[in-house]
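This report concerns the chain shown below.

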Amino acid sequence: MSSSGVCNAYAQTGNCRYGSRCKYAHVEGVDLKDSNNGTKRSQTSTQTPLDKFFAKYPEFDYDSSASASMEFYRMCKKFCWGREDDERQSAHDDFKDALVQQFNHIYGTDANDLASWRTLCQIVHVSPIPDTLKSCPTKLGLSTAPGLLIPQRG
Ligand SMILES: [Zn+2]
């Protein structure tokens with residue numbers, strides 16, 4: 001039986017022999033059938049992690065051709081987020097995660113590859129492009145190298 005208290009029979013078939021006397025909740029379209037709706041999702045899979053991050057803020061008109069960092073600060077202004085605002089802090093955390101995912105998405109996970117870093121800097125329009133590995137994360141608005149944000153195995 002479902003641990004969430006949802007009636008499996010009803011969720012899967014829309015029918016349940018216990019009807020209204022069933023002790024489980026009769027909910028349609030719960031996540032039991034999630035693997036079947038991949039057809040609708042093809043569009044979102046082409047989004048980059050940064051696109052997805054900004055998509056969470058539909059009121060903000062994200063310009064993917066502009067610098068991601070500048071776009072983030074522009075968004076903070078739009079929502080009037082102060083430096084100490086919890087909303088800004090959590091958005092910034094998500095933003096950093098998105099940058100890290102963007103990095104991994106495009107270059108794999110080699111955080112020690114300066115060339116990859118410089119390409120990422122280019123993509124987010126950091127200028128001038130840093131020429132040392134150490135300065136890249138700072139230029140990208142990260143307090144630590146992406147590699148350190150990724151859970152280490154073992
Ligand atoms: Zn039922």
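## Secondary structure

The chain contains seven helices and zero strands. In sequence order, the pattern reads α-α-α-α-α-α-α. The model is a predicted one.

## Burial and contacts

The chain has 154 residues, of which 18% are buried. Among contacts in the chain with a separation of 6 or more, 36% are between residues 24 or more positions apart.

## The largest nonpolar core

Sixteen residues form the largest nonpolar core, and those with the most contacts inside it are Leu50, Phe53, Phe95, Ala98, Leu99 and Cys121. Two or more residues of this core are given by each of helix 2 (49–55), helix 3, helix 4 and helix 5 (114–123). Helix 4 provides the largest share of this core, with five residues.

## Cysteine 80 in the loop between helices 3 and 4

Helix 3 spans residues 68–78 and helix 4 spans residues 86–107; cysteine 80 is located in the loop between them. Most residues other than glycine have a negative phi.

Is cysteine 80 buried or exposed? Cysteine 80 has 9 other C-beta atoms within 10 Å. A residue counts as exposed if 12 or fewer such atoms lie within that distance, and cysteine 80 is therefore exposed.

Methods
Residues are numbered from 1 along each chain as its sequence is written. This is a predicted model: local features need pLDDT of at least 70, side-chain atom pairs count only at pLDDT 80 or more; totals for chains, interfaces and linings use all residues. Helices (H or I, at least four residues) and strands (E, at least two) are DSSP runs, numbered from the N terminus. A residue is buried if 20 or more other C-beta atoms lie within 10 Å of its own, exposed if 12 or fewer, and partly exposed in between; C-beta atoms are placed from the backbone. Two residues are in contact if their C-beta atoms, placed from the backbone, lie within 7 Å. A nonpolar core is a set of buried Ala, Val, Leu, Ile, Met, Phe, Trp, Tyr and Cys residues joined through C-beta atoms within 7 Å.
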